[in-house]
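Please look over the structure shown here. A short briefing on selected local features goes with it.

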Amino acid sequence: MPFTNNTLAGRMEHAYYPIRELSPLAEEIKKTGAEIYNASIGDPVPYLGPAKYVIKAYAKALKDGKVFYSRSPGDFEFLDEISKRYKRLYTLDIDSSKIFVTQGLSEAVTFLAESLMCKGRGAVLFNPYYPVYAPAVKLFDGTVVLSELDEEKGWAPSKDDLEEKIKKAKDAGVDLRFILIINPNNPTGSMCSRKDLQDVVEIAKNNDLLIISDEIYDEMILVKEKMTCIGELAKGVPHIIMNGLSKNWGGTGFRIGWVVIPEDDEGSRKLREGLNNLATMRLCANTPAQIAGVEALRNVKAHRRFLKYLIKNIRERAEFMQKRLNEIQGVSCQKAKGAFYLFPKIDLSKTKFKDDKEFCTELLRKEHVWVTRGSGFGRDSHLRTTVLPPIEILGKVAQGIENLMRC
Ligand SMILES: Cc1ncc(COP(=O)(O)O)c(C=O)c1O
């Protein structure tokens, strides 16, 4: 068969990331010299900067020539600091041999989907979801089962819906393997209550499912409520905690994440073995970034100072934007409790747009406002906007949305 025919494997139809689908149009507009009001990409660094104390450690690692291959599962010192962090924040005792460093949390997602999914198996995601998860499951031939988050209840999970969807999938012969939680949540900005998490743990236990918790925003809490790490509730139930340097430490470009597999049941042990083997195949994660990661986690005082600055700004921007969006006719928006996103519902019935994809494309083309369509996260008639830009730019984003809602 010539190379040019059927070049890509069939599974490649699932390789898709909607958050970046308007990048080519944004680049085209930028080339004309026009300004883009970008509330699309969830990267805190361009608007709020990196943590300088971490950059200093990274620069030193480079100056010292620390650009060699490091251990595949992660640098010992860095793993140790990650372990201490779980003790410090959540009083969890996690041996560093149960932690794996990955190239961003994103690589952890691929590793887990690759390790756990195959034809006949499936995974439960709460809808809406961060849009890497569904394609990752499908790329490895798994079936995605969606349980709906309740918008009117601040995007809380519904116990009844979760139980019903699991039962339906099992009755249809799907061999379900895990439930994924994103807490605090992208795209909704919600945070799970302890009670909601307890319900999920209970359901996972009753159905023999692994729980995977993406906690990449676990220190970006905008309200007075306390964040619950899944490890605090799921003792004795197989679970995985994921995190990384991208958000809490303002280090998206370091490409450093981690996976914690704390339990000692046979499945967890096998999974650790599998991840270790996958990690060796890609040799190692970024070495100087792990060295910087040691300082990022060890220098608690500098980290707290940085977080305080981040949260203060994000909270002000989120409050401004939520209020402004709710003033627009046909738009309603829940309050954000964590992370740096809002996920407003837009009533398209009185506009000329047939769906949120068309709306977002026109918003960028006409108003130069760049947000992401809700349907990319599994929910049509929604927009996902970051609250990272300064209030002045967020005002322009809201104004652009308002102008288009009148079309
Ligand atoms: C919920 C969630 N998980 C994972 C990621 C990606 O993390 P990383 O930069 O560590 O790959 C993001 C990025 O926006 C995210 O929102």
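Predicted model: local features only at pLDDT ≥ 70, side-chain atom pairs only at ≥ 80, totals over all residues.

Residues are numbered from 1 along each chain as its sequence is written, and side-chain values use heavy atoms, without hydrogens and water.

**Helix H11**
- Helices (H or I, at least four residues) and strands (E, at least two) are DSSP runs, numbered from the N terminus.
- Among the buried residues are Pro 288, Gly 293 and Leu 297.
- Their cover includes helix H3 (52-63), strand S2 (99-102) and helix H12 (300-326).

**H4 against H11**
- The axes of H4 and H11 (lines fitted to C-alpha atoms over the stretch in contact, with angles from 0 to 180 degrees between N-to-C directions) come within 9 Å and cross at roughly 25°.
- That makes H4 roughly parallel to H11 (under 35 degrees).
- The contact (heavy atoms within 4.5 Å) includes Phe 78 and Arg 85 of H4 and Val 294 of H11.

**Cis peptide bonds**
- The Asn 127 to Pro 128 bond is cis, with omega near 5°.
- Asn 183 to Pro 184 is also cis, with omega near -10°.

**Positive phi**
- Ala 339, not a glycine, has phi near 60° and is buried at 0% relative accessible area.
- His 368 also has a positive phi, about 60°, but is partly exposed at 22%.

Note on methods. Buried < 20%, exposed > 50% of the residue type's maximum accessible area, 1.4 Å probe, protein only. Parallel < 35°, antiparallel > 145°, perpendicular 65-115°, else oblique.
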